[in-house]
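Colleague: Can you put the model up? I have some questions about it.

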Amino acid sequence: MIVPHTTPTPDPDRRARTVRKAVVPAAGLGTRFLPATKATPKEMLPVVDKPAIQYVVEEAAAAGLDDVLMITGRHKRAIEDHFDHAFELEQALAAKGDTVRLDAVRDPARLADIHHIRQGDPLGLGHAVLCARHHVGDQPFAVLLGDDLIDPRETLLSRMLEVRERHEGSVVALMEVPPEQIHLYGCAAVEPSGEDGVVRVTGLVEKPSHEDAPSRYAVIGRYVLAPAVFGILERTPPGRGGEIQLTDALQEMAAGGTVRGVVFDGLRYDTGDKADYLRTVVRLACDRADLGPGFTAWLKEFVAGLENAGAERERLAA
């Protein structure tokens, strides 16, 4: 007997759990990189030959998030232009037959369905996320910070989406940091969940002192949030620094038992810090097949020269 094909009945609950949208806050002033960021958005600073924010959008697209909303501000037009088509440039490259550079120029606009909205006032990360409310609607969504890069070989975001699919609620990315660095981050109080690499988040504190930190688990720039966060952010008063803190809203959600953390121990790059930005460029350049061999050889010679010069200075000082 031939069994006729039937179309499965759509599961509305599953649709409500599936995450398709990503929000990328990119409205910060980039004061740590002045004067370079006086006229250039910090998110557009090059990491080898792509702006930092392109790595973030590529990560979202690789995890299946095909709708990306960027929260920008004044003087951020370069971000919008980068993810748009540049017809004159594309025509010039096509006329030259330069297909490699042509694809590189076209790629940003083809990564996802990209939207932009401006955060009128720089009132903090929580306010930036709240600006996405009408675009996101009543669906869960991801938040990816524009200066926090996760190595393309890592699967952190996909793992977070899997956890959200099973447990609903919200999911944050956690990374264990040295005690002397915890004051730079939001910090999570956690308890075991019974699942490898996943914890229950019972509380969050924004940039605590080492003495007041509930753990060494720092919240890094990846979140998968339930839409309930919007209602909480709407009534969250300004907190640390006079800004509306996303951490404060997550603290309320954690108190209700709806926040989990995925513990990450892979490769992460903080391009918002000068020293880490330089390390990021060097590491990613070394990993490139077209640049790595020659650049690595030069780097070894350069480091050897520094060591020899240091040894000579010590000999002369003796």
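Modeller: What follows is a short chat about a few residues and ring pairs in this predicted model.

Colleague: How many aromatic pairs does the structure hold?

Modeller: There are four. In one of them, the ring centres of phenylalanine 141 and phenylalanine 230 are 5.1 Å apart and the planes sit at 5°, so the pair is stacked.

Colleague: Where do phenylalanine 141 and phenylalanine 230 lie?

Modeller: Phenylalanine 141 is in strand β6 and phenylalanine 230 in helix α9, 89 residues apart, so the pair links distant parts of the chain.

Colleague: Are phenylalanine 141 and phenylalanine 230 buried or exposed?

Modeller: Both are buried.

Colleague: Why does the pair of tryptophan 298 and phenylalanine 302 count as stacked?

Modeller: Because the planes are at 15°, and planes under 30 degrees apart count as stacked. The ring centres are 5.1 Å apart. Both residues lie in helix α12, four residues apart, which is about one turn of the helix. Together with Phe295, they form one aromatic cluster.

Colleague: New topic. Is alanine 52 buried or exposed?

Modeller: Alanine 52 counts as buried, because its relative accessibility is 1% and the cut-off for buried is under 20%.

Colleague: Which residues does alanine 52 contact?

Modeller: Apart from neighbours within four places in sequence, its contacts include Glu43, Leu149 and Gly146. Glycine 146 is 94 residues away along the chain, yet the two C-alpha atoms are separated by 7.2 Å.

Colleague: And where is glutamate 90?

Modeller: Glutamate 90 is in helix α4. At 8% relative accessibility, this glutamate counts as buried too.

Terms used. Residues numbered from 1 in each chain as written. Predicted model: local features only at pLDDT ≥ 70, side-chain atom pairs only at ≥ 80, totals over all residues. Heavy atoms only, no water. Helix = DSSP H or I, 4+ residues; strand = E, 2+ residues; numbered from the N terminus. Buried < 20%, exposed > 50% of the residue type's maximum accessible area, 1.4 Å probe, protein only. Contact = heavy atoms within 4.5 Å. Phe/Tyr/Trp six-rings, centres within 6.5 Å; stacked < 30°, edge-to-face > 60°.
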